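The entries follow the order in which I looked things up.

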Amino acid sequence: MQLDSGSSPRSNVLEALQFYRFIIDSLPVAILTVDSELRISSFNPWAEKITGYAAKEAIGAFCKDILRGAKCGTHCPLRAILSSEKPILGIESTIQNRLGEILPVRMNTAALLNDDGILIGGVESFQDISYLKALEREKDNLISMLAHDMKSSVSIIGGFVLRLLQKTDHIDAGKTEKYLGIVKEEAEKLELLINDFLEFSRLRIGKLNLNFDVTSLDKILLEICQAYEPNANSLGIALHLQNEEDLPLIEADARQLRRVFTNLLDNAIKFSGAGKSITVSTRRGEREIQIGIRDEGMGIPPEELPCIFDAFHRSEAGEETKGYGLGLAIVKAIVEAHGGKIEVTSELAKGSFFEVTLPVKLVQNGL
């Protein structure tokens, strides 16, 4: 901030204070300051939002009476920094909001010193990490489910193989074929589980090697829609492909793009009912191509939209649906690896619209 050299020192100080107040009030993190007696001296709008207390209610009160945190007793971080003046960073604790709800938070605290280096109070920032904690629990649950499913498949494979080894002379050809079919099915299931997690891991760390080649999106979408149409029709769902304008050939990994659109179609069918329709549409721009998949299904709750592409997130609307919450996370990673983006809009009971945007990297040399 550049202050007017013609202004008075008092005016400059007021302008600086107003500027710093503007910054603190604009930050999307809760910030409060306390004096040397641990009474709150400032309380920004985000702190109001998380705690439920207005600044005028909080200022002047002891911070423990507003935050009611798990560490507000003998382990109070603000009390600790007033003693040592050493900042305390990244600690996790809980507070209670005005309604008595317990919220997990991540905190940072530091001492406040005046221009002479004299301690005058402390500052604390904290963020609500409820969503992160819920995601961690969901991830733990899903990893447990994965381990259980893998163990189940391994046990089934081992059981039937052992049966075949022990009773080879007493099992007829029909039973042998049936047992081997079960072993093959469980082995394939196990391979899919492992591949999903391995591929997602590679995508997240940028180590998936995409095989870019001349790719026709028209061909990919037509083949996928033709493959899905019988299943959709059997469920009473109409599947339409609207691509009146030919799309240009692009450089892409056709196999991975197939995975993107099959996953989106799987979800659209899964969350749609009889009598509904699903429309796959394309739109060609000068520098990009949009592929949209619109369904008339149950829709996505507004609070879930920001995290729909997060790993291990599963919609509560689909609690009974099997899966590990990796599908849309993998879709997003593949699209972004192509230099594109994916967006979603949705309305409850009316359906969802997923739109994939891919850059047009035209193939040269007459193709």
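Before any pairing entry, a rule: two strands pair if DSSP finds at least two bridges between them. Strands (E, at least two residues) and helices (H or I, at least four) are DSSP runs, numbered from the N terminus.

I noted the source terms. This is a predicted model, in which local features need pLDDT of at least 70 and side-chain atom pairs count only at pLDDT 80 or more, while totals for chains, interfaces and linings use all residues. Residues are numbered from 1 along each chain as its sequence is written, and side-chain values use heavy atoms, with hydrogens and water left out.

**Entry 1: the antiparallel sheet**

I looked up Glu92 and found it opposite Arg106 in β4. That pair belongs to β3 and strand β4 (residues 102–113), which run antiparallel and are joined by seven bridges. I then traced the whole sheet. It is open, has five strands in the order β2-β1-β5-β4-β3, and its pairing is antiparallel. Which strands sit at the edges? They are β2 (40–43) and β3, each pairing on one side only.

Helix α5 lies across β1 (30–35), β3, β4 and β5 (119–128), and runs at about 145 degrees to β5. Contact here means heavy atoms within 4.5 Å.

**Entry 2: cavities**

A cavity is a set of points on a 1 Å grid over the protein atoms alone where a 1.4 Å probe fits but cannot get out; lining residues have an atom within 4 Å of a point. Grid points are joined across faces, edges and corners, and a volume is the space filled by probe spheres set on the points.

How many cavities of 30 Å³ or more does the whole structure hold? The search finds two. The largest cavity has about 70 Å³ of space. It is lined by 13 residues, and Leu67, Cys72, Pro77, Met107 and Glu124 are the closest to its centre. I sorted the lining into eight nonpolar, three polar and two charged residues. In that sorting, Ala, Val, Leu, Ile, Met, Phe, Trp, Tyr, Cys and Pro count as nonpolar, Asp, Glu, Lys and Arg as charged, and the others, Gly among them, as polar. Helices α4 (63–67) and α5 (77–84) and strand β3 (88–96) each supply at least two lining residues.

**Entry 3: the mixed sheet**

I moved to the other sheet. It is open, with five strands in the order β7-β9-β10-β12-β11 and mixed pairing. Its edge strands are β7 and β11 (341–347), each pairing on one side only. Neighbouring strands are turned by 10 degrees on average, direction ignored.

I went through the pairs. Strands β7 (residues 238–242) and β9 (residues 277–284) run parallel, joined by five bridges. Leu239 has Ile278 of β9 as its bridge partner, and His240 stands opposite Thr279 in β9. β9 pairs with β10 (residues 288–295) in the antiparallel sense over seven bridges. There Ile278 has Asp295 as its partner. A hairpin of three residues joins β9 to β10.

β11 and β12 also pair antiparallel, over seven bridges. Ser346 is partnered by Ser352 in β12. Their hairpin has three residues between the strands, and Ala349 in the turn has a positive phi of about 70 degrees.

**Entry 4: helix α9 and its neighbours**

I then followed α9. Helix α8 (residues 217–234) and helix α9 (residues 254–270) pack at about 35 degrees, their axes 10 Å apart. The crossing is right-handed; the term applies if the near helix is turned clockwise from the far one by less than a right angle, and left-handed if anticlockwise. Contact residues include Leu221, Ile224 and Tyr228 of α8 and Leu257, Phe261 and Leu265 of α9. This contact divides into eleven nonpolar, two polar and four charged residues.

With helix α10 (residues 327–337), the axis of α9 comes within 9 Å and crosses at roughly 145 degrees. This crossing is left-handed. Among the residues that meet are Val260 and Leu264 in α9 and Ile330 and Ile334 in α10. I counted seven nonpolar, four polar and one charged in that contact.

Terms used
On a 1 Å grid over the protein atoms alone, a cavity is a set of points where a 1.4 Å probe fits but cannot get out, and a pocket is an open set with protein on both sides within 12 Å along at least five of seven lines; lining residues have an atom within 4 Å of a point. Axes are lines fitted to C-alpha atoms, for helices over the stretch in contact, and angles run from 0 to 180 degrees between N-to-C directions.
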